[in-house]
Every structure is written in C-alpha cells, then in structure tokens.
Amino acid sequence: MSSLIRNLTLLLLVSSPAASIVAQELSGNDTRSLDGQVQEIKSDVLNIASELGVLEERLLYPSNTQLAVFVSMADDETFRLDSVQIEINGEPATHHIYSFKELEALQKGGVQRIYTGNVVTGEHEIGVTMIGKLKNGKDVNQSNSFVFAKGVKPKALGITLAGQESGKSGIQVGDW
Amino acid sequence: MSRAPFSGIGLLLFACLATSPCIGGELKDLYFGEALFYAHQGHFFEALERLDTEVKLHDALDEPELDTLHYHIDDAEFSLGDFELRYRMHHRAGRAIKAVLEGAVDEVIRNDAAYRLARIHFQKSQMADAMRALERIDGEIPASIRDDIEFLRANVYLAQGKPADAVGALKRLQDSDTFGGFAAYNLGIAYLQDGQQEAALTQLDRAGQIASDDPAELAIMDKSNLVLGTMLLDAGEYDKAIPFLNRVRLDGPFSNQALLSSGWANMSTGELERAVVPWSILAEREVTDPATQEAMLALPYAYGQLSVYGRAAISYGRALDSFSAEVDKLNASIESIREGKFLQALVREEIRKDKDWVIRLRSLPETPETYYLMELLATHDFQTGLQNYLDLADLRRKLVAWQTSFDSFDEMVDIRYDHYEPLLPDVDNQFREFDSRMRLRIEQHKMLVQRRDDLLTAPRPEFLATPDEQAVLEQIENIETRLQGFDTLAADSAMQRARRLKGLLSWTLETQYHERLTTFDRNLRGLDEVMAVAQKQYDQYVRARQAATHSYVGYEKPIERLRAQAGQAVDKIDLLMARQGRLLEVVAIEELVARRGRLENYGDKARFALADSYDRATQSQARRDEP
C-alpha cells in the first residue's frame, strides 16, 4: 500500500492541481471558443457604453451649460484624503468619501470626476472643503472658494489637493 | 520528471509581470486622468469606456493639436491596448498594440508595446509570435520593464522546449529585485529540462535558501525545496530528500505536500516514528486537501508498522468517518451545483466587493456548492471560464441598468417636447419681430459709423446741426427761395436778414464743429457698447433657442438604436452565460466526482485496513494474554 500511496503522492505533486484530464481537455477547446465570443461581446458593450456616454452628456449636460469638476492630488502627496465637499454658488453640489482604492488611484496620478452639472454662462463661485489626515497624525480640514467664469463652451475645473502643514491652502483650482 | 508543472509555474508567475498604467510627465488632459483613475482601481471597463471615447473624439477633431489629449496621445493609445489586455480583450489589445508598434512613436514606447504584444502571444500560447515580438525590441528599453522582458523571454524559451536558451536569460536575472527568487527557481527547472541534473539540484538548493520576507518569494522558495525533495525521494535518495522537505515552511502553501513527502521519506529510511510526526500534524489539517486525506491513511499505516494496532485501528476509524463525511459533503456540493446554485452564488455582487471573496464564499453557511471553489480555481481553464462568467454577469448588470436609463431618457425627451412645443411658436414670433428690429438698428448703427468716418475725412458741419438748428436752417432756406422772385427793397432787406441769420447759424456750426464731432463720436462709442450688449443678448437667445430644440430633437433614433443594441447584447450574453456556466458546472462536477471516487477508494482501503488492524490488535492481545 505504501508504494501505491507514494506513487499517488508523486502524481499529485507533478500534475497538481489535480483535476480530471478528460474534463480539462473537454473544456479547453470550448473555453477558447467561448473566450473569443466573450471578447467580442465585451467590445460590443464598450461601443454601446461609449455611444451612450456621449448621448447622456448631450442630453443631461449640454455644452453651453456643462460644468465638470475634477479632483487630483499634488505630485508625491501621501496624506490621507478622507472626503471632499463641493459647493457651487453656496449650494452643496456633491461630496465624496474616499475608499482606500480611490485614494491610491489619486496618489498614482488618477483624476476623479467628482461632479458634472449645469450652470448658466457668467461668473460663479466654487467652494471646496477637504478633510483628511497628515502622515504625522494631524487632522486636515481646509476650505477655500474660487470664482470662475462659465462661457459658451463646456467648463472643466481641476482641483488639486495637497496636505500642506504650513498655513498655505492645500486646495488649488485651475481652468482646463 | 514530467515537464507539466514547470511550464505551469511559468504561467502562474506571469501574473506578476503586469505593470502599472502610467503616463510620463505632467498630466494635461483631465479626461485621460479620469481613465487612469479607474484603471488604477482595476476598473478597466470604465477606464476603457472613458479613454476610447476621448481618443475617438480627439481623432475626429479638425485640429487635434489644439486638444489637450494631443500631449498624451501616444500614451493614451498605448494605454488603450494596455487596458484591453487587462480587461482580457486580447484580440483588441493585440490590434491596438500593433497599431502603436507600426506608428511613428518613440523608441521607448515602441519597445514597451513590443513587450506587451509578446505577453499577449505568450498568454495565447503563440510562442513563435511571442518570440518575434520580443525580437522587435531594440534600442532604449524602459528600466521598469527590463527584467520583465528577460523573464518573459526565458518563459517563452522554456515553453518552446529550448531550456539551454532559457538558462542564459535566467542567469542574467539572478540579481533582479523583482524576479530574483522566481528566476532562481526557473533556472533550476531550465537545467532540469536541459538534462543538467547536477546543476539543477545545485540551483534548486540555492533557490530554496534565498533570504526574503516577500510572501511570493517565500512561496517559491518552498516550492524549490519541495521539488528538490520530491526529486530525491523519487530517485530513492530518501536521506538526502528529508532536509529539503524539512526546509519547507509549516505555514506555507506547499507545507501539506512537504509534510506528506517528509513522512514517506522517513518511512522509506526505516524511521517509522519520525514518519508519524509530520503525518500527525498533517492529519489534523483541512480535510478537503488531498495530502491531508492521504496522511489520514498513512498515519495509521505507520502505527501498524510500529505494531501499535489499537491506535492504528482508531486512526483508521477516524479517517473512515472523515472520508464518509467528506463524501457526503461532495455529494451535497455536486447536487447543489446540478441545481444551478453554484452559478447563482458566484454572481452575488455583495460577496465580490471583498477581495477575499473566494474564501468568504466558501465559508458561507448553507452553500455546499461553493465549498470546493478554491480547489477548482487551481485549474487554469476553470479560472478563465470563471473570470469570463463573472465579466459577462457584470456586463449584463450594466446593460440592464442602461435599459432603465433609456426609458428615463425617453421620458425626459417627451417632457421637454411637451414643455417647449407649445411655447416655441409664440417665442419664435416674438423673436422674428425682435430680429427685424435688431437688424434695423444694426443697419442704422452701421450708417452712423459710416457718417462719422466720412466726417473725419470730409467735414460737413450741417450734418452735426441739432434738430432745432436744422429746422431753422430749413426755414431760412425756404424764405430765401420764396424771396428770390421779388425785386423790391423790402425783399432785399428780408434777404439780407435771412442771410445774416444763416451766417449766424453757419458760424455756430463751423465754430462748434470739432466739439460736436467729438460729442458725436463719444455718443457713437457709447452706442457701440449698447449694441454689443444687444448683440450678446441676441446671440444668447439664439443659443438658448437652439438648446431648447437640441434638448429634445434628434434623440429618438440614437436611443432606439442603442436600446436595440443593448437588448441584443443582453440576449447574446444570456446565451454565452448559459454556455459558460454549463461548462463551469461540468468541470466542477467532474472534479468533484473524481474527488469523490478517490475518497471512496480511500474509504475502501481504510475499511479493509481497519478490519485488519482490529484482527492484529486482537491477535496481539491474545498473544500477550497467553500464559
């Protein structure tokens, strides 16, 4: 019995993970064929998504009133961003609480579209509040407001956040 | 030794070749940054959707160089291929990356693209194509993928059955920070495949002693020791095998196999008591593991060899109970999978939000269908099939959500139509009136501007007379005309008076001309501002009027088309999910049936051995009881 079990052990080690050879062969070709079809449907759905995105934007946020607000983190920032709140003309527009994955994505250079809405042409005020924690454990709770002009074209505002320890504001807003 | 596990390990390690999506330099396009935001979180569908749209819009521009994406277009097109690759769309990724390769791009980007193309071919088991892509790499190579390229090259050589070539590539990677441990192990395997037994043993010994605290490196170290120990065990060199098997960590992923082999090595050298130690540990571990199941039989076998028949019988009894319970569990799993519950459990979205969802799914109560999921996931085909199934389920969820959006869009368009349609005829009438007045004023304004410009070159004081002065002047000229036919003193005197008055008026007009021209110019400039405001309001109205129409006209056909496409896609996905799901169920059931067969076989052996142990225990007892 010992040789039987040992042979089985070696077989398991060599061919591990153990699975039915017949099942693997049966599924191998089918999987490859299905895999191609799955890739095709992914491509189809991506095309639908892309077209739908453009349609949605045209319908909900026409270019003459469209305002998009983006959030990014300054280069090499390591502070923990917990949440951001946006006000447009004194009215709350949106707020976002960051997950670990989102924070990591921002730190790697990703840009989050935090708000898309409509405003009329002319001057407006955007208020930004960020809450977080510095590496040294100190809390960050900063607010700042900026005036921007909305023209006929879609407006994109980029908010750059930094967890500065000095009195200087860590919130910067730029036109794009 | 079979080559199967070694080519397999190459594939397994390939997962660590993935590089992070990134861009060089300062980000100038927010929408590209948004795609990266999704990609960095592993949401490649969303990243692709954003970036694909942006690149298409960019390509459609008349002057793309004025678009901010222009600064990143090479990176963006490259990232498209990268995201497609990560979203397991190898066909599209291959096309996108080939397009980058054939475009006029920087050497560094071209080399990166060639590497990624090689990876795609490797994953599709197209080794000759993978090698051709690697051969296109020439000149400056990004430092971040230099080792990845060498490691891939070695894996391709191994898969092509050219271990001697792989040895060269792997030797160069021995000091790599990223691949040191993996390269050390693969080098041992390459020697082995090349028939260099001694070099293979030395290299695997070295790979089994690399100092590291990285879990992946520690696992590969365990794997090296296990393979080395098993080779020696297989060659009948039991004494030599034991130290290598003992090097495998007790809490590592290969510990069960090592404990089992260690027991057999000790047993083969006649160290029966030493064999009991690893098997005793192993017999207490997770019973679904085949090594544990085997140890549950091996342990009483060792007791039997030590003539401890009573303990052997008890252990056989325990093994029998465990096997029986496990067979029941397997039966429940198989039945549950046949009822379709396996697929239902897999697509539970709330479960998959957790990164350890496979482990959680397995530990859920009342879910026998997922109890063996971890074991099933160890097969490559099952992994691919499962990932496809989950992707299809995600796509289906998105499409169903969009179908709801289509209804909302329709309603929105209808509401806008109902709101604007009755208002617009009146608004248009008013606008036509306003428009004609506006055009008149614009013409008048143009005329005044022209007059001012004329006055600057050819002064005409009478043009700047006030309305009263113009009336007086007209009256005087009228009097002069009437007096011209009379030749009397009174008429002469009247004519003189008229001329004096006219002269007085001309004097005023001439002397005040410059002052009046300045005032006229100032007023005209003021009018320019008013006209600009009026023009702005006019333009705003035109835009608002257009926006009103655009808010509900021209959506019907695109919405209908998208609705139809989404519906067709859902139907196609349902079909694919059914096929993919069925395939997963078949593979899962076959695997579980095979497990059940093995356990039943073990059970038969345990039952026989249990009876044998009782007999021997009884005989032994009888011998002891003999006077």
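Which residue takes a positive phi in the hairpin of E2(A) and E3(A)? A:Asn89 does, with phi near 50°, and the hairpin has two residues between its strands. This is a predicted model, in which local features need pLDDT of at least 70, side-chain atom pairs count only at pLDDT 80 or more, and totals for chains, interfaces and linings use all residues. Residues are numbered from 1 along each chain as its sequence is written, while chains are lettered from A and ligands numbered from 1 in the order in which they are written.

Some terms come up throughout. Helices (H or I, at least four residues) and strands (E, at least two) are DSSP runs, numbered from the N terminus. Two strands pair if DSSP finds at least two bridges between them.

| Strands | Sense | Bridges |
|---|---|---|
| E2(A) and E3(A) | antiparallel | six bridges |
| E2(A) and E5(A) | antiparallel | eight bridges |
| E5(A) and E6(A) | antiparallel | twelve bridges |

Individual partners can be named. A:Ile86 stands opposite A:Thr94 in E3(A). A:Arg80 has A:Lys133 in E5(A) as its bridge partner. A:Val128 faces A:Asn144 in E6(A).

## A buried methionine

A:Met130 lies in strand E5 of chain A. Is A:Met130 buried or exposed? It is buried, because it has 23 C-beta neighbours inside 10 Å. A residue is buried if 20 or more other C-beta atoms lie within 10 Å of its own, exposed if 12 or fewer, and partly exposed in between; C-beta atoms are placed from the backbone.

Leaving aside neighbours within four places in sequence, A:Met130 is in contact with A:Leu81, A:Val84, A:Val140, A:Gln142, A:Leu161 and A:Ile171. Contact means that two C-beta atoms, placed from the backbone, lie within 7 Å. A:Met130 and A:Ile86 are 44 residues apart along the chain, yet their C-alpha atoms are separated by 9.0 Å.

Strands E1 (residues 66-73) and E7 (residues 155-161) of chain A pair in the parallel sense over seven bridges. A:Met73 stands opposite A:Leu161 in E7(A).

## Helix pairs in chain B

Start with helix H5 (residues 90-102) of chain B. Its 13 residues should span 18 Å at 1.5 Å a residue, and its end C-alpha atoms are 18 Å apart, which agrees. The expected span is 1.5 Å times one less than the number of residues. Buried residues of H5(B) include B:Arg92, B:Ala96 and B:Ile97.

The axes of H5(B) and helix H6 (residues 107-123) of chain B come within 9 Å and cross at roughly 155°. The two helices are therefore roughly antiparallel. Angles under 35 degrees count as roughly parallel, over 145 as roughly antiparallel, 65 to 115 as roughly perpendicular and the rest as oblique.

Next come helices H16 (residues 290-305) and H17 (residues 309-338) of chain B. Their axes come within 8 Å and cross at roughly 165°. That makes H16(B) roughly antiparallel to H17(B). Among the residues making the contact are B:Leu297 and B:Tyr303 of H16(B) and B:Ala312 and B:Ser315 of H17(B).

B:Ala313 is found in helix H17 of chain B. It is buried, with 23 other C-beta atoms within 10 Å. Beyond its neighbours within four places in sequence, B:Ala313 is in contact with B:Leu610, B:Ser613, B:Tyr614 and B:Ala617. By C-alpha atoms, B:Ala313 and B:Val472 are 139 Å apart in space and 159 residues apart in sequence.

Notes. Axes fitted to C-alpha atoms, helices over the stretch in contact; angles between N-to-C directions.
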